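Try each one yourself, then follow the solution.

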Amino acid sequence: MPLFGKPIKDISASDLQELLAEQAVENIRLEFKRDLPEKDDVLKKLSSFANTFGGLLIVGAEASSKDGRLTALPGVESLHSYRQTIIQWCTAGANPPLTVEVSDPIPISGGNGRVCYVISIPESDLGPHFLNGRKGLYTRTDEFSNRFEARLATEHELRHLLNRRQLVRDRRSSLYLRARERYKAFTAISPVPETTGRSFLDSRVELGLGPRFPASPLCQHDVLLTTLRKQLEDWRQVGFPRNSSSAMTQHESAIILGPCGSGSYLESTIWGTLFYAAPIAEERPEYTGIHTNRFIGYVLVFLRHALNLLTTIGYSSPLHSELVLHAIRDIPWIAFPYGFAETASSCQLDNTVTLNLETATADLRQDPNAFARELLRLVFFAMNWPNIADSPEKLEAIITTGYEYNFWRSRQAR
């Protein structure tokens, strides 16, 4: 069936007329709908396609109730923003969200302005897709009738889909593991140099941020490299990342060494994952410990850079973050409430702390500081310093501290 090989934007009225002439029959990858389906029906049909082999839903096409054979193209009334409506339903109505394409309205010959819509959805590597509101998980099957329908998944089907999703989760873990190994190799070759009056300790922060399910590459390697070199953020009057023109490539990745000073590291991958790392503790005449303001500033600029880079390469979906603090046992936090260094708390038992948090690009764009506040709240509670982050007012003050360290124009947390 040539329809399946065409980009959705190229499907025309003649393609639909060809289906009608051939008396096409509904199958595991094709379904016809005479009228505009309701939201629940759309989600059930499209999620069943995604959980099986993908497929096309043609709206405005009438099929025989007996055998599912296409009998007419009566069309439907053209609706303003129908594409956006379907995409919104698929984004908010399923977990993980469904990725669909919706055609422009396709005029039907002699239809008095009526049109057809073609909705396409691929087989999903993110499956299983559950419908929100405890509405179940559907697959495409003809097990109970002679016609293919969306049916609740069996235990066997569910296990198969969960295994498919696990492969994607394993990829996410392996991408961050590879980034850590590369960072380790970098610091072994180029240890953080001592500067006059201070030396760096082994304590470091690592922040990974990217698609919750990295199922497919988001861009080509050359596009990633070009984008990383151009994606610069206002930061401490020097810009972030520094050394962007000298970005290097490794397998599936573009990397900048020293993006925020000696011993720091930035890696982005074609899968959309980003990895930031930097030393955070130092020994100097005035104090020994983790510079709190610098740490907060790092987290804020990492998050801003990640959001803008992901937006540039076209990713707009759920995100997974993983923040790791290494070698932090008995290393005190150093605060500067009155401009002078004061020793605060320290982590007495844990030497490594790992924090995971979920969000979405849309939420980050709407209020990036909300995610930063929650992430930093988790950090300071994990590090035995809860009284700095135990109220909304204190969390706002933390964000303002980071803005001031970064020399950002807005001194108020947004």
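**Exercise 1.** In which strand is Thr359 found?

*Solution.* Thr359 lies in strand β23, residues 352-360; strands are DSSP runs of E, at least two residues long, and helices are runs of H or I, at least four, both numbered from the N terminus. This is a predicted model, where local features need pLDDT of at least 70, side-chain atom pairs count only at pLDDT 80 or more, and totals for chains, interfaces and linings use all residues. Residues are numbered from 1 along each chain as its sequence is written, and side-chain values use heavy atoms, leaving out hydrogens and water.

**Exercise 2.** Is Thr359 buried or exposed?

*Solution.* The relative accessible area of Thr359 is 13%. Buried means under 20%, exposed over 50%, and partly exposed in between, with a 1.4 Å probe and protein chains only. Thr359 is therefore buried.

**Exercise 3.** In which sense do β18 and β19 pair?

*Solution.* Start with the link: a hairpin of four residues joins β18 to β19. Strand β18 (residues 281-283) and strand β19 (residues 288-291) pair in the antiparallel sense over three bridges; pairing requires at least two DSSP bridges between the strands. Glu283 stands opposite Thr288 in β19. Next, β19 pairs with strand β21 (residues 333-335) in the parallel sense over two bridges, and Ile334 in β21 is the bridge partner of His291.

**Exercise 4.** Which residues of α9 are buried?

*Solution.* They are Leu395, Ile398, Ile399, Thr400, Gly402, Tyr403, Tyr405 and Asn406.
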